[in-house]
Each structure stands twice: as C-alpha cells, then as structure tokens.
Amino acid sequence: MTRDRTVQWQNALDKLPGLINIGRMSLLVSLITFYVVSQSLRADEQGRLYILQLFHDTEIYTWALVYTVLIVISLLYPQWQQQGTAIPSASAVADITMMAWLMYLAGGIDSGFGILMLPFVATSCLLSYGRYPWLYASYAALLIVISNLAIGRLGGHAPTDRMWLGSFMLIAGAYFVALLTAYSARYSARSRSAYHEQSVLLERMRDLTRLTLNHVQEAVVVLDQEQRVRLLNQQAQLYFPNLVINERSEMFCHIQQHWQRNPTQLLEMDTEVAERPVRVRIRTLEGRDVQLMMLFIRTAQELAKEAMAMKLSALGQLTANLAHEIRNPMSAIRHANSLLQEEEHDPLRLKLNSMIDGNIARIDKMLEEVSTLNKSDRIKKRAVDLMVFWRDFRHEFVLTRPQAQHCIHLKVSDGKLAVWCDPMHLQQIFWNLFNNAWRHSQQNAQAIRVVFRQKGQAEVSIVVMDNGPGVSPENQVHLFEPFFTTEAEGTGLGLYVARELAHANMGRLDYRAQAKGFELILPRVLDE
C-alpha cells in the first residue's frame, strides 16, 4: 500500500508542471471572459458588476499579455519549471508575483484576488520538493504589504485596519499552506528516493536472476496454475522455441496435473515434452497470492553425455594411477627381455623377444597418451603464428616420415593467421591428426591436404584431409570414444586425446565426412 501511494505521489509530481499550465490558462481565460462580459453588461445596467469595474482596460490587458507570455514560455520550455532544488523556482516566484499584481490592480486585499496566491505558494513548495517554504511565504507576505502601502499612498490615506487585518489573515494562510505543503513534499521526496533505490535494487536483482538462470545448464520454465509462462531462460527457449512469456502453453499439461496432486513435494520424473525425452525436476514457488510451478528440464541426450563425462573423468583418474604403477614393472620386463636377447640366438626365441618389445612399446605409447590427457588442464597459452608453427611441424613430421616429403599440400585462404592456445597441445593434436591421415591415405603425391582459413571474426579453422576411403558411417559415431580403434596396433586414445586438448584450449575438433578429414577450430588472436 505504501509503495502504491508513493507511485501515485510520483505520478502527480511528474504531472504538476502540466497541471500548473492548465490552471494558468484557465485563470487567464476565465478572468478575461468575465471582464469582457461585465463591460458589455455595464453599458445597459450600471453598477451590477461593480468589483470588475475596478479594473482599467490598459492595466488588465497589460497584465493578461504578460501572463500569456509566461504561459507560452512554460509551454515551449517546460524545463524552466523543473530547474531542480538548488535555487528557488523562478516560475513559482513569477506566479506569486503575477497574482500579487492582479490583487493590486483589483484594489488590494479587499478585492479577494489575493487568495489566488495561496495555490501558487503550494505549487512552489511542491516544485522545490519542500525546500524554501519560508522564502515563498515571506515573498508573498512582502508583496501583500507593498500592495497595501502602494494603494494607501496612491489614495492619499493610510491603509485601514480592515485592510491590515485581511492582509494578516492572508499572510498567515500563506505560511500555513507553505509549511503544510513543504511537509507533504518532503515526505514525497523521501518516498521517491526510497522508491528509486528499491527500483534500482529490484532491477539489479532481476538482472542477476536472469543472468543466473541463463548460466544454468538446465532449461528453466516457471508456470502458474493457468499454465501461463511466467519465466524461462535461454536454454528453455532453445529447447522449446514456441514458448512465449505471459502466454499459455499446453506443453506441460501432464506435468502440471502430476504436480497439482502433490504441490508441496519435491518431484522428479522422466517424461516426454514436445516429443523429446526429458528428465524434469519440479519445485513449488509460493507467492503472496499465487502458487507457481518451476521446472528444471534436461534432455535424455544431455544426461547421457553427462554420465559419460563422469565415467571418463573417473576412468582418467584410474588410468593415471595405473600408468604410474605400470611403468616400474614394464621397465623391469624391458630390461629382462634385453638380457634374454643377449644370451639366446634361437630364431624362435628372438621372435618372441621381438613380440615382447613391440607390446612393451605399445603399452608405453598408451601410457604416454594417458599422461598427456591428464596434463590437459596445465595450459600455457600464447599467440601462435600458424605459418611459423606449420614450417616447424612439417619439417619434424617429414623427418619421421621421409616418404611424405612431397605428399603434404597446404592452402591458406586468408592472410596471416594466429591462434591463442598452448603450442605443445597444438603439436600433440597435429601429430595425432597427421599420423591418422597418413596411415589411412593412399600415400601418394595427393595424400594429405591442409587448409587454414578464418572462421567468422574470432576463430580459425584448420582442416586436415586425406585421399583415403574415409570413415564409415557406423564408425563415425565412435571416432572420439576412448579405446576405440580399427587398427591392430592402435591404442584408441589418439583422437580422444586430441579432442580433449582442443576443448582445453577453448576449441573444437570434429570429423567432416564430406571432406574426408578433421576440422580443428581454435580461438583467433584478434590483435595480430
């Protein structure tokens, strides 16, 4: 209720300058109309409108002209009436002066026009938000006293006791109106300030709530009992683009029916929404006069990915521990195998020793890839010039694969490109992609093609393609799974490690079936 009164006060104060202009125009038009009518009636019936006959044509029309100019200025420059509270309001002083002048023209305090000063004393205090009430009232009192003295001097006699009594009552009324209005205006100013602070705080809380909801991984939808959407976040808009705030939706009818049977309980259920399997958690929000249903929605696909991520995280920790424990016995086996090779020259024994060496090398490679994966969070990013990096990497790759000397071709679609990443991680990704491309290519002059190009304004695309048969559709869905491989000598960790390193550097690694290659996307250095 207090907030509603504050809003009403604020609306009234905002409309006050316009209302003052309406009052000025009404007063001016009424006064001139009655004066003109009284002049025409006076010619036929002398003495009927005696009080209006106190005005002289020149005086009243001069006053009307000056007041008209004041009204026009207020209409053309409304900020003149809202000059702030640092100094008294000039428009208020002008209105009080014009009313005192009108009283003087009408014959002084006995004319009764002096009471017109009181509304403008009140509006003066309102426009100043309760400041300077004594000043406005004292200024009105001064004008009243000056009017009495001027009338007495022009009439050749001192002001009568009746005039002074009327002046005293009018002055007392001016002070009373000024003080009462100032108190109300100050209350309004305090309420306005508190309302403004609450509005700012409420807006910040609303922004914070919106920001928080948009960073939640789940889709959040709030509905009332009439199935009207009250709130939804960006994830919900992505899942259900047809949802609109403040409009009804039949999409969650079956969930709402289940909720209405147990509105006070914490509910969780697997269901379908818009023909999409989802898991829904339901919360009840108790408002002052309404009960709302808050839904947290996750798709089955996202839940599966999250479960897989947790499994892989646990697997990574397990493999890291196993790698540490396996290295010591593997070193002993390697050493023992070397000793056996020195003592035995039987071809069968040598073949068995060779098999042991090969499997030890394979296990070493697997342990190295697992170690690389577990160090993916130790990132040392910097700007990497792709052309400089490419020359160094190509030279190193050709040293290990001499037959690929003239089989790798680079195409750069844009000018100088630089990416923001860990160069050691980038080198590991390149090694995995190029080893994979060379192994599956025809290993001829067109074996591997590489394309560097800018992707949008903030990313760089690196595509590594080979002229092999490509990956079969049934294997594409398993490409980046750990320990998945189609090669007898492979570990199944190369592409998985490459994608994880790409993600660690805020990038992406995907297979492009049409290009028969892999696309690596990394953040671009904008200030090259």
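**Salt bridges, pair by pair**

Tutor: Asp510 counts as partly exposed, because its relative accessibility is 24% and that class lies between the 20% and 50% cut-offs. The model is predicted. The partner of Asp510 is Arg499, and their closest N and O atoms are 3.1 Å apart. This pair links distant parts of the chain. Arg499 sits in helix H14 (residues 494-504), while Asp510 belongs to strand E11 (residues 508-512). The two are 11 residues apart. Arg499 is partly exposed too, at 22% relative accessible area.

Strand E11 runs over residues 508-512. Arg512 forms a salt bridge with Glu519, at 2.7 Å from N to O. Here the partners fall into separate classes. Arg512 is partly exposed, with 34% relative accessibility. Glu519 has 5%, so it counts as buried, the cut-off being under 20%.

Salt bridges can also share partners. Asp224, Glu226, Arg228 and Arg230 are joined in one network that way.

Now a pair with an exposed member. Asp270 bridges to Arg279, with 2.9 Å between the closest N and O atoms. Asp270 reaches 56% relative accessibility, so it counts as exposed; the cut-off is over 50%. Arg279, at 35%, is partly exposed.

The total comes last. Across the whole structure, the search finds 10 salt bridges. Among them are Arg499 with Asp510, Glu519 with Arg512, and Asp270 with Arg279.

Notes:
Residues are numbered from 1 along each chain as its sequence is written. This is a predicted model: local features need pLDDT of at least 70, side-chain atom pairs count only at pLDDT 80 or more; totals for chains, interfaces and linings use all residues. Side-chain values use heavy atoms; hydrogens and water are left out. A salt bridge is a side-chain nitrogen of Lys or Arg within 4 Å of a carboxyl oxygen of Asp or Glu. Buried means under 20% relative accessible area, exposed over 50%, partly exposed in between (1.4 Å probe, protein chains only). Helices (H or I, at least four residues) and strands (E, at least two) are DSSP runs, numbered from the N terminus.
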